[in-house]
Amino acid sequence: MKKAYLDIQFSWIFAIIVGAIILFFAIFMVVKLVKTESSSQNVQTSKEISVLLNSLETSYEQGVSSLISLPQYSRIYSTCSASGNFGSQGILVNEKIYGKWQESKIPLILEDKYLFIDNYAESREFYVFSKPFEFPFKIATLTYLTSSNQQYCFINPPTAIRDEIIKLEQDNFVVSESNCTSESPVKICYSSGFLNCDINVKYSENFLVKDGKTYWFVDDASMYAGIFSTKEQYECQMKRLVKRVNSLSEIYKEKILLNTYSTCKSDVLNELESFIFYLNSYSDSKDFKNSKLILTELESENKYSGCRLW
Amino acid sequence: MVKKAQIKIQQTAFMLIALTLFFVLVGLFFLSFKLSGLREKATTLDEKNAIILSSKISNYPEFSCEEAYGSKRVNCIDSDKLMAFVNFKPKYSNFWEISGLEIRKIYPKQSEIICSSSNYPNCTYFKIFSGENSGPDYTSFVSLCRKESFSGAIYDKCELAKIIVSYKIK
């Protein structure tokens, strides 16, 4: 009788142990699956954003704005790598589910996009606007993403910038002559004499100062890039853009050498070669300071040559 | 008595193994179902991307006319630039995440001749990228322009072309 009792007990203990192992394994798998599911959801959102960025690709229109609404409260990060032929842009989305951030570490990598986000943008709704970057010919469309919760106040900007921002009709952008009324906005000042500015833009001198760091720019598109990005990201994206300029310059050089151009002369070859030489020595945005003369020469030579290259 | 107990343990063990196998199979079925859904989503997004890209790619600076033919034009491909681009295409192999890119002259109608440096501009078909596992293609119409000379006078010659973009099947 005692032995049978022991036998029953043993089979119960055995079943409980194995059952516990199975349960533990099942719970472990479910947790893993939930994590994978949230990662795949984040990557899917990143991909959807990248598809939307394609539709924001500009031709000649200036400044196009669009609103992105995500199903969950999210953080969007932009990563950048300057290695490779054209470097790469990474888009990372982390969603907040039941008050907890679902950390995804897999960014969506794209070579043809240039997305500028100041550190990260957090909201359910985001504004994106894009602008063509020209140096001196069109290089790429730059896209700027901001959270609908973050207000930006442009204080006393030049007329062209003021008109452009008003035309964008983004609710989180305000243009002011002297002071900002909205709550805790990022203050972007275009002339000295204003207090508590987060960003000081020296528009005519082609640089801006943010967090004590200087960002050199060449046109309005790269100026916005400086406003809506961190220094590290800005320098990386500028390096990528310079790589693209270099490649496009080589394409234009090849175009000059085509047979059809023996009848239709373009006199830009020498300037284009010195431009490529300048591009090869580029190290950071400070080098944009030396680009003015060469850009003017290149532009005027192209404008008045027998056949325009671009 | 010992034998009976052993049989009972074996019974329980078999039962548990069967149960585990059942759950593993259910899990595998669920996983494959999820993965196929994910693949479908990825393909749909790639398809969407290809549709948008087919209408936008002609405005990329690598192909667009810019102001080389007078005023700024939309959906205009510079044929000379395209020919020059062919030499640099290995650099751009992963640039647009597409598997195929072709430009075909459609008007005036001519027989199909693939463009190369030896026959350009007397050709009608630019095969830029043509990868394996290409999915369905998406087309849009563009004007294909280049400089021509006639009796010493230079003029802009623009023809109607079709740009064909296809994406990789996952």
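This is a short tour of chain A, through its two domains and then to where it touches chain B.

Before selecting anything, note that this is a predicted model, in which local features need pLDDT of at least 70 and side-chain atom pairs count only at pLDDT 80 or more, while totals for chains, interfaces and linings use all residues. Residues are numbered from 1 along each chain as its sequence is written, and chains are lettered from A and ligands numbered from 1 in the order in which they are written.

Select residues 47-236 of chain A for domain 1 and 237-303 for domain 2, bounds that come from an automatic or database domain assignment. The C-alpha centres of these two domains of chain A lie 27 Å apart.

Next, look at where the domains meet: 23 residues of domain 1 of chain A are in contact with 18 residues of domain 2 of chain A, contact meaning that the C-beta atoms of two residues, placed from the backbone, lie within 7 Å. On the domain 1 side, the elements giving two or more residues are β5 (114-116), β7 (138-147), β13 (213-216) and α4 (231-256) of chain A, where helices (H or I, at least four residues) and strands (E, at least two) are DSSP runs numbered from the N terminus. Of these, α4(A) gives the most, with four residues.
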